[in-house]
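Subject: Structure handover

Hi there,

Here is the structure I promised to pass on to you. Please open it alongside this email, and you can follow the notes below residue by residue.

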Amino acid sequence: MASDQFDSALDLLRRLPPHSTSANLHRICALAPNLTEDLLSSVDQPLQTRQCKKTKRDYLLCDYNRDGDSYRSPWSNEFQPEVEDAEMPSERVRKMEVRMGEAVEVYRELYYEGGVSSVYFWDLDDGFAGVVLLKKTTPKGRSEGGWDSIHVFEAIDRARTAHYKLTSTVILHLGTANEALGHMDLSGNMTRQIEQDMPVQDDGSHIVNVGKLVEDMELKMRNLLQEVYFGKAKDIVGDLRSIQPLTEANKDKATHQEMINSMKR
């Protein structure tokens with residue numbers, strides 16, 4: 001029964017507007033509290049921001065830094081509110097988490113020119129795993145937009161190499177409203193996955209390898225959104241709406257047909 005409810009909830013969320021995923025997810029959790037943990041760990045939703053009480057720096061919330069209703073700050077490595085016996089990364093993994101967070105901050109400033117980023121690592125039996133989060137929004141007004149990147153990876157240590165598995169999700173929201181255009185909303189998400197073996201010399205190699213994988217994946221997904229999704233939407237809108245008056249368009253068609261008929265004679 002619970003399995004059927006879970007599948008139905010996921011099916012329903014896929015059919016509702018993507019920009020309202022968080023609100024709809026909370027409503028479903030209120031109706032079926034027994035599905036809360038499974039839904040929160042399975043459904044990608046726009047990232048929320050919170051300020052670290054100790055360092056006064058913003059960080060992003062996700063299921064990977066959550067313990068109940070508390071979230072771990074990557075800056076202070078403390079949960080807010082405090083959690084007893086919380087699972088924390090080992091000293092080695094925490095050092096890599098800090099270094100990766102610093103590298104992602106530089107990447108964010110260069111590519112996004114603002115926004116918020118966070119990095120969280122945790123231990124695995126044969127390696128470690130982590131998530132790289134990036135968020136950029138525009139000020140709310142007549143036009144607004146948001147970009148959320150969620151990159152979840154696993155790094156399995158091997159002799160002189162590591163096997164990386166990266167799953168990346170981009171959540172995009174664009175909206176505008178004015179008298180001439182009316183209200184337009186363009187929202188959606190896209191997920192891609194890649195696996196690759198890369199050489200490793202020390203822990204610093206993991207930072208370089210994961211950074212390269214994330215950067216390459218973001219570039220591919222941005223190009224795919226621009227060329228395929230936006231390009232296709234532009235073609236459809238262009239076919240549906242003609243800037244040229246209908247009388248001129250009919251006149252051009254008549255002239256074209258007349259030329260074809262004269263060539264057949």
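What follows is a short tour of the strands, the ring pairs, the salt bridges and a surface patch.

First, some housekeeping. This is a predicted model, so local features need pLDDT of at least 70 and side-chain atom pairs count only at pLDDT 80 or more, while totals for chains, interfaces and linings use all residues. Residues are numbered from 1 along each chain as its sequence is written, and side-chain values use heavy atoms, with hydrogens and water left out.

Let me begin with the strands. Helices (H or I, at least four residues) and strands (E, at least two) are DSSP runs, numbered from the N terminus, and two strands pair if DSSP finds at least two bridges between them. Strand S6 (residues 116–124) runs antiparallel to S7, with nine bridges joining them, and a hairpin with two residues between the strands is formed by S6 and S7. Along this pairing, serine 118 stands opposite leucine 133, and tyrosine 120 is opposite valine 131. S7 is also joined to strand S8 (residues 143–157), again antiparallel, by 11 bridges; there, lysine 136 faces tryptophan 147. Strand S7 (residues 127–137) is mostly covered, with nine of its 11 residues buried. Buried here means under 20% relative accessible area, exposed means over 50%, and partly exposed is in between (1.4 Å probe, protein chains only).

There is also an open sheet of three strands, in the order S3-S4-S5 with antiparallel pairing. Strand S3 (66–67) and strand S5 (79–80) are at its edges with a single partner strand each, so one side of each has no neighbour in the sheet. S3 and strand S4 (residues 70–72) pair over two bridges, and aspartate 67 has serine 70 as its bridge partner.

Now to the aromatic rings. Rings of Phe, Tyr and Trp (its six-membered ring) pair if their centres lie within 6.5 Å; planes under 30 degrees apart count as stacked, over 60 as edge-to-face and the rest as tilted. The structure holds six aromatic pairs. In one of them, the ring centres of tyrosine 107 and tyrosine 111 are 4.4 Å apart and the planes are at 35°, so this pair is tilted. These two tyrosines are four residues apart in helix H4 (residues 91–111), about one helical turn. Tyrosine 107 is buried at 12% relative accessible area, whereas tyrosine 111 is partly exposed at 41%. Phenylalanine 121 and phenylalanine 153 make an edge-to-face pair, 5.4 Å centre to centre with 80° between the planes. Phenylalanine 121 is in strand S6 and phenylalanine 153 in strand S8, so their pair ties together parts 32 residues apart in sequence. Both of these phenylalanines are buried. Ring pairs also link Tyr107, Tyr111 and Tyr112 into a cluster.

Next come the salt bridges, each a side-chain nitrogen of Lys or Arg within 4 Å of a carboxyl oxygen of Asp or Glu. By this rule there are 17 salt bridges. Glutamate 97 meets arginine 72 with the closest N and O atoms 2.8 Å apart, a pair that links helix H4 to strand S4 across 25 residues. Glutamate 97 is buried at 2% relative accessibility, and arginine 72 is buried at 4%. Aspartate 203 and arginine 92 form another, with the closest N and O atoms 3.1 Å apart. Aspartate 203 lies in helix H5 and arginine 92 in helix H4, so the pair ties together parts 111 residues apart in sequence. Arg57, Glu105, Arg108 and Glu109 are linked in a network of salt bridges.

Last, the surface. Leu174, Met184, Leu186, Val228, Tyr229 and Phe230 form a nonpolar patch with about 480 Å² of accessible area together. Patches are made of residues with over 30% relative accessible area and no salt bridge, with like charges joined within 9 Å and nonpolar side chains (Val, Leu, Ile, Met, Phe, Trp, Tyr) within 5 Å; accessible areas come from the Shrake-Rupley method with a 1.4 Å probe, and for residues only the protein chains shown count as cover. Helix H5 gives the most to this patch, with three residues.
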